[in-house]
Structures are given as C-alpha cells and as structure tokens.
Amino acid sequence: MRIKLLLIAVFVLFIQSCGQNNSRKQAAINSETTQAIEMLTEFYIHYLTEQDKMLSGGYNPKTIEAIKNNYLTKKMQERLKFLELEYDPFLNAQDFSKDWIKTLEITPLQEIEDAYKVCYHYDNEHTNCITLFLVKENGKFKINDIENLSAEHFTEFGDEPEDMDDFIDSVEFVKTGESIESFVPSGYIVDMQANGDLNQDGLEDIVVVFIKEENVHAKRLVLVLLRQPNNTYILDKFSWTVVESKYDETIRYEEEDININNEGILQHHIWNFGPNINRTCKYKYIDNELCLVSIEAFGSGAGEQREIKLNLLTAKLEITTVNTFTENSETINKVYKTGTVLFESAKPMEIINDILIKYNL
C-alpha cells in the first residue's frame, strides 16, 4: 500500500513538473509572438504614414529606405532592389492610405513558425492580407520574406538575388597587373576612375569603379590599385558596398564622382535635386587599412534643409536644420560612435539612415 502511494505521489509530481515546463514554454512562445506583432505594427505605422505623404506632401524616399533598413533583413532588402512589380508587396496594393493603420490585424500562422498574416480593411466591405516571414537578428524580429514573391518578379543579376553572395564570391580578381585593363573582371566595364597618391608613398595609385556591362542594375565593384616602384599595380582593397547600384528605383542622383586629393583622401561625391540626400564620403589609409573617416550629407524638403557632418575618427556628429521659410537655423552636436569602418565593408547610407532614425530627422 505504501509503495502504491509513493508511486502515485511521484507520478503526480511528474505531471506537475511537465505542466510547469509546458507553461514556461508557452509563456516564451507568447512573448515571442508579442514581440513579432509589435515589430510588424511599428513597421506598418511608419511605412503607411510615410507613404501617405506622397499625397499629402513632405514625402522623402530616403525615409522609406531608412524604415526598410530598420525592419527588414539584408536579404529582404536585396530582394526588393530587384523587384519588378506594379504594386507594393507590403500592402498587396497599388494605392495606400494611413487610415488603413486603424484597421490592421496581425495574427501568427499556427502551421508555420515565425509566419504572420497582416490584414487591413481598405473599405467597408473588403480586406487585404499579406503573409510575412520573420527571423530574429540580434534579439530583434525582422521581415525576411513575403509570400508569393517568385523569381519571375526579379531583374537579372546573373543568378537570382538569393544567389547574390555566391555570384560575388565567384568573381575572380587579378592580384597584380601593369594597367587597369589587367584587373577588369569578366563582364564588367569601367564606370569611374580616380588617380592620385592614396597611400602617400609618392606613387600615383588608382581607384576604379566597375559596372556590369549587361546589367546596370547590378552591384558595382570598387578596386583599389596601389602602384609599385616597378610601375606595376597590386590589388590592395576591394568593395561591393562603398557605392550602390548605378540605376536603382530606390536611389535618385544626378551626378557622381570619385577623386583622390593631395592629402591622399579618397572622396566619393553624390549630388541630387529635391529631397534626395547629397553626400560626400571620405576614406583614408590608417595603419595600412583604408578606412571611412567622414560623411557629410545634405537633404531638403517640406520647408526644411538638413546637413549632417560625421567625423568617424572623433565620433563627433553635427546636425544643422534650417527652416527655409524663416531662415532660422539650429545646430546640435552629438557623440555618434561607429568604431573603425573599413573600406571593404563600408555602407555609408546605412550610417546616414541610422542617424536619421535615431534623431528623428
């Protein structure tokens, strides 16, 4: 009898323990779901509010780009660059209205992990829904894919955008050569070129930007060629991120230039009209590493002009805002730390967009 009672007690404790474990697991799942829904809600509030400005005024495409940087994975952003759609994939519609925010309904799909259905009412009788797939990066959920985006929607990049990294890795580089022609990758042509003493050794170096000959929407490649005493060149640095695609629907600029000044500073200039951001990015060799050392950006729109100056070496950020109606200006100084940003992986627009979001510009 005592043995039976003991066995029953052990069984009851086991069941209670299982129940507690299941409760903890369910609580964790509920917490993850809440985080994901909160992220999607924030995304659609920011996204629809900014898109609505195309009708009401004050729209800035760079703000949309900043929103995407904050809520979308890099993979999703790359996919979007090659979309050829006649509708907005996040809304599954050609039109938009911030009034849809009030009708948002976001629910998890039980049968698919980290998949959520986003629905909104665009009139009294009709509902539109989109299924989004999320992943968690550095403790934060981000949108990683949209249902029904197939390969037929993309422009050609040699392979589909999912294979972009493999494509980049497949490009073979010549390490040494006597001229630029020695370093031109197969299928590419020279887009821009700068000559000057970049590493301050008394010899004229070359920085060259290549563009894919049969696809001007593709990523551009930048090579840094250092001249040697025997008049040959060595490939010292390369980057796929320093300059964006030359022709992209999300990027608008009128003129672009690169040059090397007498102090060995590589400068990349982009000029725009309207609300798009003008910028100058400067790179300098420090201890044999080519580093991004400063960014200057300027943009205007809706009665305001903003200028951003960031010194990455001192972490000094200066933001000046000018009211174009009253001509009053305000300058604020902040500390903005990026650490060392190497040429090979530099993404200046990501830094600018982060500043725009962080300081609500």
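Two strands count as paired if DSSP finds at least two bridges between them. Keep that in mind for the first stop on this predicted model.

Select strand β7, residues 205-212, together with strand β8, residues 221-227: five bridges join them in the antiparallel sense. Within this pair, pick I206 and look across to L225 in β8, which stands opposite.

Now widen the selection to the open sheet of five strands, ordered β5-β9-β8-β7-β6 with antiparallel pairing. Its edges are β5 (176-177) and β6 (188-196); each has a single partner strand, so one side of each has no neighbour in the sheet.

Next, select C119 and C129. A disulfide joins these two, with an S to S distance of 2.0 Å, and a search of the whole structure finds one disulfide. C119 belongs to strand β2 (residues 115-121) and C129 to strand β3 (residues 127-137), so the pair ties together parts 10 residues apart in sequence. Turn the view to the S-S bond: the link of C119 and C129 is right-handed, with 110° about that bond. How buried or exposed are the two ends? C119 counts as buried at 11% relative accessibility, while C129 is partly exposed at 33%.

Move on to strand β13, residues 289-301, and select S294 within this strand. S294 is buried, because its relative accessibility is 15% and the cut-off for buried is under 20%. Which residues does S294 touch, leaving aside neighbours within four places in sequence? Show T280, C281, K282, L310 and L312. Of these contacts, C281 is buried at 0% relative accessibility.

Last, select C291, a buried cysteine with a relative accessible area of 7%.

Key
Residues numbered from 1 in each chain as written. Predicted model: local features only at pLDDT ≥ 70, side-chain atom pairs only at ≥ 80, totals over all residues. Heavy atoms only, no water. Helix = DSSP H or I, 4+ residues; strand = E, 2+ residues; numbered from the N terminus. Buried < 20%, exposed > 50% of the residue type's maximum accessible area, 1.4 Å probe, protein only. Contact = heavy atoms within 4.5 Å. Disulfide = S-S within 2.5 Å.
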